[in-house]
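User: I am new to reading protein models. Can you take me through this one in short steps?

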Amino acid sequence: MATPVRRHRGGAMQDRPVGWARNPLTEFDQLLSEMSGLMESTVGAAPAVAWTPLADVTESDDAFHIEIELPGVKKKDINVEANGQEVVVTGEIKEKERKGVLRRSTRRVGSFEYRLRLPGEVDNEKINAHISDGVLDITVPKAEVARPRHIEISERSESTDSSG
């Protein structure tokens, strides 16, 4: 018995069996790539669009911690800026020179940009960043006024002197 196959409009058979797991993001990227090619052929070369790397943002009592995935990116190709409550990370992943025929490529190349507006006041002078194992780690300390402070509660003794 043959595996059932979906048919596209126009009767052409799809090369995947029915029920085969599809990744909609891959299809979306492919569609964007095809649309970009169409635009380039009609209008001319379009300016490169920056993409956003994956990141995690955590908050502790004294700082915000940002971890951005940038595998294969060198320190000299990354720029970190802070302006008020906003942190902006920009850079570029350069395409490698290859020998032979490239059969498939799913890696991102080109300019990237990650922008984050933090919810509280920060100390821009004490921000530090380091990269290790393809992860850029940025620590943004909170400003003294924005840090939570524990308030001790004291007990007041009530006066026993009651006048009637």
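Predicted model: local features only at pLDDT ≥ 70, side-chain atom pairs only at ≥ 80, totals over all residues.

User: How many helices and strands does the chain have?
Analyst: Helices (H or I, at least four residues) and strands (E, at least two) are DSSP runs, numbered from the N terminus. From that end the elements run β-β-α-β-β-β-β-β-β-β. The count is one helix and nine strands.

User: What kind of model is this, and how are its residues numbered?
Analyst: Residues are numbered from 1 along each chain as its sequence is written.

User: What share of the residues is buried?
Analyst: Buried means under 20% relative accessible area, exposed means over 50%, and partly exposed lies in between (1.4 Å probe, protein chains only). The chain has 164 residues. The buried share is 19%.

User: Which residues make the nonpolar surface patch of about 380 Å²?
Analyst: Patches are made of residues with over 30% relative accessible area and no salt bridge; like charges are joined within 9 Å, nonpolar side chains (Val, Leu, Ile, Met, Phe, Trp, Tyr) within 5 Å. Leu-31 sits in helix α1, residues 24-43. Leu-31 has a relative accessible area of 42%, so it is partly exposed. The patch is made by Phe-28, Leu-31, Leu-32 and Met-35.

User: Why is the pair of Trp-51 and Phe-112 called tilted?
Analyst: Rings of Phe, Tyr and Trp (its six-membered ring) pair if their centres lie within 6.5 Å; planes under 30 degrees apart count as stacked, over 60 as edge-to-face and the rest as tilted. By this rule there is one aromatic pair. The ring centres of Trp-51 and Phe-112 are 5.7 Å apart. Their planes stand at 50°, so the pair is tilted.

User: How many residues apart in sequence are the parts that this pair ties together?
Analyst: Trp-51 lies in the loop between α1 and β3 (55-59). Phe-112 lies in strand β7, residues 110-117. Trp-51 is buried at 13% relative accessibility, and Phe-112 is buried at 2%. The pair therefore ties together parts that are 61 residues apart.

User: Which residue lies over the face of Phe-64?
Analyst: A charge sits over a ring if NZ of Lys or CZ of Arg is within 6 Å of the ring centre and within 35 degrees of the ring normal. Here the distance from the ring centre is 5.3 Å. The residue is Lys-142.

User: Which residue has a salt bridge with Asp-77?
Analyst: A salt bridge is a side-chain nitrogen of Lys or Arg within 4 Å of a carboxyl oxygen of Asp or Glu. By this rule the count comes to five salt bridges. In this one, the closest N and O atoms are 3.1 Å apart. The partner of Asp-77 is Lys-94.

User: Is Asp-77 buried or exposed?
Analyst: Asp-77 lies in the loop between β4 (63-69) and β5 (78-83). Its relative accessibility is 18%. Asp-77 therefore counts as buried.

User: What is the distance, N to O, in the salt bridge of Lys-126 and Asp-123?
Analyst: Lys-126 is exposed, at 55% relative accessibility. Asp-123 is partly exposed, at 22%. The N to O distance is 3.8 Å.

User: What is the phi of Asp-133?
Analyst: Most residues other than glycine have a negative phi. Asp-133 has a positive value. Asp-133 lies in the loop between β8 (128-132) and β9 (135-141). Its phi is near 55°.

Note on methods
Heavy atoms only, no water. Areas by Shrake-Rupley, 256 points an atom, 1.4 Å probe, with all protein chains shown as cover.
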